[in-house]
Amino acid sequence: MRLVVYLLICFPLCLFAQVEPVEKDSTLVQYIYVEGDSIVKEAIDLKEVLVLNKINFSDREERRQYLILKRKTLKVYPYAKLAADRLITLKQRLETLEKKRDKKRYAKKIQKYIEDEFSAELKKLTRTEGQILVKLIHRQTGKTTFQLIKELRSGWRAFWFNSTANLFDISLKREFNPMEIKEDFFIEDILERAFQDRVLKRQEPAIEFDYYDLSDKWLKNKSTAEIKN
């Protein structure tokens, strides 16, 4: 209402003023409709953005290790995200099936599809890339790779996969734990920066942690831990 009064007062004055017209901003104005009335919306809704703290590395070696970890994390994250997407699709589809036989048949079909889809690419991963992938699968699904294999196949197959992975120093039971493991915090920091830079597409983690709590612990702690290659 105040806006209407202001226009009624100023508009006649504008007609008589000898002032050159000023070009108005052509930005579209949003309105909120409440019970038939339109209200100008001057504020812009923005998604929550984390303010990331600067990492002060202890030395050049730690910075080098971080960059190596960054390259490997950016490489394997899409596989972890894809695994989580496939798992969600699988669970949703299984909920629509009533017969146990149909569920088993569909699960087996999806499992074979995932294995065929992943196998060629995963064989190209290094040992450390494979271990990072195992951690990220836990981050995205809330379950370890060992648990997922056990649920989707059998306990024996999960044991066999884990034993085989151990030959390459990879544990399928490894969890993503950024609060207790500094390397995992660095992985989370790398992901968050990649999300904000739109290098990677964000997918919310299935496990709970607070980035600021992690930063308070690791970035304010002067002692550093070596990141394994």
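Which residues are linked with K135 and E183 in a network of salt bridges? Select K135, E183 and D184: these are the linked residues. A salt bridge here is a side-chain nitrogen of Lys or Arg within 4 Å of a carboxyl oxygen of Asp or Glu.

Before moving on, note the ground rules. This is a predicted model, where local features need pLDDT of at least 70, side-chain atom pairs count only at pLDDT 80 or more, and totals for chains, interfaces and linings use all residues. Residues are numbered from 1 along each chain as its sequence is written, and side-chain values use heavy atoms, with hydrogens and water left out.

**Stop 1: E183 and K135**

Zoom in on E183 and K135. Their closest N and O atoms are 2.8 Å apart, forming a salt bridge. E183 sits in helix α7 (residues 182–196) and K135 in helix α4 (residues 127–141), so the pair ties together parts 48 residues apart in sequence. Helices are DSSP runs (H or I, at least four residues), numbered from the N terminus.

E183 is buried, at 17% relative accessible area. K135 is buried too, at 3%. Buried means under 20% relative accessible area, exposed over 50%, and partly exposed in between (1.4 Å probe, protein chains only).

**Stop 2: R193 and D189**

Stay on helix α7 and select R193 and D189. Their side chains meet in a salt bridge, 2.7 Å from N to O. The two residues are 4 apart in the helix, about one helical turn. Check each end of the pair. R193 is partly exposed, with 25% relative accessibility. D189 is buried, at 0%.

**Stop 3: R202 and E192**

Next, select R202 and E192. This salt bridge spans 2.7 Å, N to O. R202 lies in the loop between α7 and α8 (211–218), while E192 belongs to helix α7, so the pair ties together parts 10 residues apart in sequence.

Is E192 buried or exposed? E192 is buried, at 4% relative accessibility. R202 is partly exposed, with a relative accessible area of 38%.

The E192 side chain makes one with the R202 side chain, at 2.7 Å. A polar contact is a pair of N or O atoms within 3.5 Å; within protein, one must be able to donate a hydrogen and the other to accept it, and residues adjacent in sequence count only if both atoms are side-chain atoms.

**Last stop: the whole model**

Zoom out. How many salt bridges does the structure hold? The count is 11.
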